[in-house]
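Subject: Structure handover

Hello,

Here is the structure I promised to pass on. Please open it next to this message and follow along.

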Amino acid sequence: MDVVLDVLLVLSLFGVVAYAFAVYEVLKIVIAWARDRWRDDWGKRPLLLRLPAKALTAVLVLCFLAVAL
């Protein structure tokens with residue numbers, strides 16, 4: 001019975017990491033899409049679209065960790 005619980009725990013953890021990775025990838029794609037399509041006549045860009053690439057990666061990694069934990 002302990003082996004079954006261990007396997008279920010590992011599968012559950014794998015599922016959480018896979019879900020967090022999927023959220024990370026979706027956010028990355030949506031932000032890239034929004035950055036490419038933002039028009040100048042719409043006014044100032046939102047904060048996430050004004051961040052430099054390294055800062056945006058840090059934000060996305062924090063989102064990944066928040067979902068994973």
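Below is what was found in it, going from the whole chain down to single residues.

**Overall fold**

Please keep in mind that this is a predicted model. The protein chain has three helices and zero strands. Read from the N terminus, the order of elements is α-α-α. Helix H1 covers residues 2–37. Helix H3 covers residues 53–68.

**Shape and surface**

How does the radius of gyration of the protein chain stand against that of a compact globule of 69 residues? The globule would come out near 11 Å, but the protein chain has 17 Å. The box tells you about the outline. Along the principal axes, the C-alpha atoms fill roughly 65 × 20 × 15 Å.

What share of the 69 residues is buried? The figure is 9%. The accessible surface of the protein chain is about 5600 Å². Carbon and sulfur atoms supply 73% of that surface.

**Charges and the salt bridge**

The protein chain carries 8 positive and 6 negative side chains. The centres of the two sets are 15 Å apart.

How many salt bridges does the structure hold? There is one. Its partners are the side chains of Glu25 and Lys28, with 3.5 Å from N to O. Why can you look for both partners along one stretch of helix? Glu25 and Lys28 are three residues apart in helix H1, so about one helical turn separates them.

Now go to the end of helix H3. Ala68 is found there. Which residues does Ala68 touch, leaving out those up to four places away in sequence? They are Val16 and Ala20. Ala68 is partly exposed, with a relative accessible area of 25%.

- Ala18 and Ala68: 50 residues apart in sequence, 8.7 Å apart in space.
- Ala68 and Phe14: 54 residues apart in sequence, 9.8 Å apart in space.
- Ala66 and Ala20: 46 residues apart in sequence, 8.3 Å apart in space.

Ala18 lies in helix H1. Ala18 is partly exposed, with a relative accessible area of 37%. Ala66 sits in helix H3. Is Ala66 buried or exposed? Ala66 is exposed, with a relative accessible area of 58%.

**Where to look first**

Start with the Glu25 and Lys28 side chains, which form the salt bridge. Then find Ala68 and its contacts, Val16 and Ala20.

Best wishes

Key
Residues are numbered from 1 along each chain as its sequence is written. This is a predicted model: local features need pLDDT of at least 70, side-chain atom pairs count only at pLDDT 80 or more; totals for chains, interfaces and linings use all residues. Side-chain values use heavy atoms; hydrogens and water are left out. A salt bridge is a side-chain nitrogen of Lys or Arg within 4 Å of a carboxyl oxygen of Asp or Glu. Helices (H or I, at least four residues) and strands (E, at least two) are DSSP runs, numbered from the N terminus. The radius of gyration is taken over C-alpha atoms; the globule rule is 2.2 Å times the number of residues to the power 0.38. Buried means under 20% relative accessible area, exposed over 50%, partly exposed in between (1.4 Å probe, protein chains only). Accessible areas come from the Shrake-Rupley method with a 1.4 Å probe; for residues, only the protein chains shown count as cover. Lys and Arg count as positive and Asp and Glu as negative; His and the chain ends are not counted. The place of a charge is taken as NZ of Lys, CZ of Arg, CG of Asp or CD of Glu. Contact means heavy atoms within 4.5 Å.
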